[in-house]
Structures are given as C-alpha cells and as structure tokens.
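Let's walk through this one together. Have a look at the fold and at what sits in it, then read on.

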Amino acid sequence: MRVKRYVVNALPEAVTMIRSELGKDAVILNTKEIKVGGFMGMFRKKKMEVIAAIESNQANIPSPQQRTANPQVDAAVEQILQTAQRTATAVMEPPAAVSVKESDYRKEREQYIIDEIRDLREYMVKLSKQQSNHSGMSEHLIQLKEHLIEQEMDPLWIERLLQLMVEKQLEEQSEFGKELVWEHAAKQIEEWLQPYSGSGISNHARVVHFVGPTGVGKTTTIAKLAAEQTLKKGRKVGFITSDTYRIAAVDQLRTYATILNVPLEVVFSQMDLTRAFKQLAEQDLIYMDTAGRNFRSELHVSEVNSLLQTSEPSETVLVLSLTGKTRDMAAVADHFSKYGVRKVLFTKLDETSVYGAIFNLIMNFELLPTYMASGQTVPDDIELFQIDSYIKKLLGSNGP
Ligand SMILES: Nc1nc2c(ncn2[C@@H]2O[C@H](COP(=O)(O)OP(=O)(O)OP(=O)(O)O)[C@@H](O)[C@H]2O)c(=O)[nH]1
Ligand SMILES: [Mg+2]
C-alpha cells in the first residue's frame, strides 16, 4: 500500500491532488484539522491534513485491460466506485475536535467503509467478468459460433449452446481451451439428440410409406432399403406405388422390383389399395412409394395422408434431401408433423457440407432420424443415422 499525506486548505483541493497523483482508485484514510506556521504560537493558519492511500497490489482492481468488452458494464462499475468513494470521503470529513474515544470509533468506521468499498469493487469486477463472458466471448467460443452459423444451425440453438458453455466455464472457474470447447459442444449436442436417436424403421411396421418433396430420392431409397431387407435379412418385400403422376415413375420402381425380384402393385385410388394389400398378403414387409409433390402446400400433405390410412401396422417416413433449403424443409416437416409423421430420412448427404438443417429439423419438430443416404448407388449408399458420426460431420475437423 502506498500512503501519502496532503496538507490543504479544504478537502476538495486534496481530492483533486489525490486523483492526479495516486489515481482514481486511491482512498482517503484519514482527515484532520491542523494548524501550521505562525510565530511563538501565534498567527497559525488552519489547514487540513489528508492521508490517502492506494493499494500497490492492484490484482483485485479492474485495470483497463481487465475491463469488460461491454461499455455499459464498465460505466456501471465506474459509477458505483465513484459513488462509494464520495460516500467514504463525506463520512470521513472530521469534526474540529474529537475525543480519543470518538476518534477510535471514527477509525473503526473508516476502516469499515474502506472494507465495504473494497468488497463492492471486488463484486463489481466479478460481475463485470461474468457479463463480459456473455458478450465478449473467448476466441474459441466465437470460432465455434461462427462454425455453427456456417453450418446453418438455428441461431436459437447456437445461443443456447454458447450460454451453457459460458455457464460451464464459470462453474469450473476456467476458460476452456480450443479442444475443451469443441469437446463440450459435441457432448451437449449429443445430449440434445440422444432422445431422438436409435429409431430406424420399426420392425413392427408391416407397411412403410415414403413421402416427401419431388426428386428427394424416395424411389431410390426404397430400392436401397428393400435390397437390405431381401438380400441381407431374407425378408419377403412387396412394393406399392401410388406415383402415377409421372409417366416414368412406375417404370423406375418396376425396374428395381424386377432386379430385386419383388412384386409390385400400382394404385390409383384408396379402393385399389385394398386390392393391392390382398395381392401382397404373403409379403412380410410392404414399401409404399408416393409421388413427390410440393408439400409446402398443406393441401398436398392432406391428400397424400388420406392414401396412407391402412389397417395394417404402418409407419410413414418423411424423406428430405439435404440439398433443399433449410426453410423449405422446415415448412414441409411442419406440415407432416401436424399429421403425426415423426420419422425422417435424409438423402444426398454426399452433395452437401452443411449439416445444421438435420439438427434443426430433429430438435424443432421432434423428428426421429432413421437413415442417411449418401449417393445414387443402390443398395450401398445408405446407413442408419448415427449420432456420433453426424456430430463429427457437423463440427468438422475442429471437433474432438
Ligand atoms: N447424390 C445423391 N443422389 C441421390 C440420392 N438419393 C437419390 N438420388 C438421386 O436423386 C434423383 C431423384 O431420385 P428419386 O429416387 O427418383 O427421387 P423421388 O423422390 O422418388 O422423386 P419423385 O418420385 O419424382 O418425387 C435420382 O437421380 C437419384 O439417383 C443420394 O443420397 N445422393
Ligand atoms: Mg419417385
């Protein structure tokens, strides 16, 4: 601690000197009236002696470097410190003469106020650090944020993730290095996705409907999955298609049906459907292909939905291509989730390097991811949705 004595005519004069010499963090420890000069005890002038001090160890005092990136917080800290200092100075203004007892009391009081100011300052510094962590994030958190924005993760989820990371850092009282930031992000994303994972297409569903916008890969996906079921699992699969909009649509599925030796039924109406199910009564599993439509129109969603009503245990899978626009995919997912569709299958993983939409759709519409298709080759280019490999893609080479 550096202590300095000032002899002045009045306190304000001392405050100005203290400020310029010791800085604004100095505190007044004591003031008293004294008499100086004169001759043989006469003509002495009344003066004021002011003792001021400054902590030489400034560790707990906010230096400009320690200040937050938030000017509002800095201003608040500054204002509180100034008010506290003014209060202390005012309280310490001395009466002209005091008894020993009173002066002891006053010293205690002064010490109490000084301690209070110090505590207040420490508290404000701590508070400002916390606030700074929210607004002026560490370089690694900023990097994570920018990466996730590029990946088109929903801004709301990005904010939620960063908020949790900041809280975790405060809890552990340390700023995470790069590796820890990405590791914690991966863990958090995994925790969020976990409740939706592990649900391929149900083994109990005898009928599986594939719906989705035009050209997303419904027919190709059906062929891939049918190959897996017939060739690997030895199950008897049948196809039904209601896609009679496009001239070549039936032929496309018929070609796969022939290659895989799978019976195919074509339906034009609900009545045809009953007949088709009878024809395929022997099959363990029926995949139903539907026409791709503009499913941003809810009318088309309700139309296709009426075709999906069956008395059999069934499941509907919404097929979405990752080359689609995030907002359009969300509109389609929203419509289908209103009709109780929960399963989703993502295609064309091979045609993108932006993976945030998958996370957004799962989390925002509580969809259950089933498979990821990543190419045109039947039957190889498809695999079950795996959280860890998805997170690796989402976080990229920065990830753990
Ligand atoms: N790159 C890539 N192409 C795919 C994938 N899945 C399907 N395709 C291609 O996408 C195009 C459309 O596939 P389809 O299976 O006909 O799509 P669809 O959803 O049945 O189309 P509609 O019946 O017209 O609505 C074809 O050229 C497929 O080879 C995939 O995972 N990756
Ligand atoms: Mg098709």
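Which helix gives the most to the shell around ligand 1? That's helix H7 (residues 218–232), with four residues; helices here are DSSP runs of H or I with at least four residues, strands are E runs of at least two, and both are numbered from the N terminus. Keep in mind that this is a predicted model, where local features need pLDDT of at least 70, side-chain atom pairs count only at pLDDT 80 or more, and totals for chains, interfaces and linings use all residues. Residues are numbered from 1 along each chain as written, chains are lettered from A and ligands numbered from 1 in the order written, and side-chain values use heavy atoms, leaving out hydrogens and water.

Stay with the ligand for a moment. Around ligand 1 there are 20 residues (a heavy atom within 4 Å), and Lys218, Thr219, Thr220, Asp350 and Glu351 come nearest. On the polar side (N or O pairs within 3.5 Å), a side-chain atom of aspartate 350 lies 2.7 Å from a ligand nitrogen, while a polar backbone atom of lysine 348 is 3.0 Å from a ligand oxygen. The protein buries 84% of the 660 Å² that ligand 1 exposes when taken alone (accessible area by Shrake-Rupley, 1.4 Å probe).

Now hop over to the sheet. Three strands make an open, antiparallel sheet in the order E1-E3-E2, pairing being at least two DSSP bridges between two strands. Strands E1 (2–8) and E2 (27–36) are the edges, each pairing on one side only. Nine bridges join E2 to E3 (residues 45–54), with valine 36 partnered by lysine 45 in E3.

Key: Polar contact = N/O pair within 3.5 Å; in protein donor to acceptor, adjacent residues only side chain to side chain.
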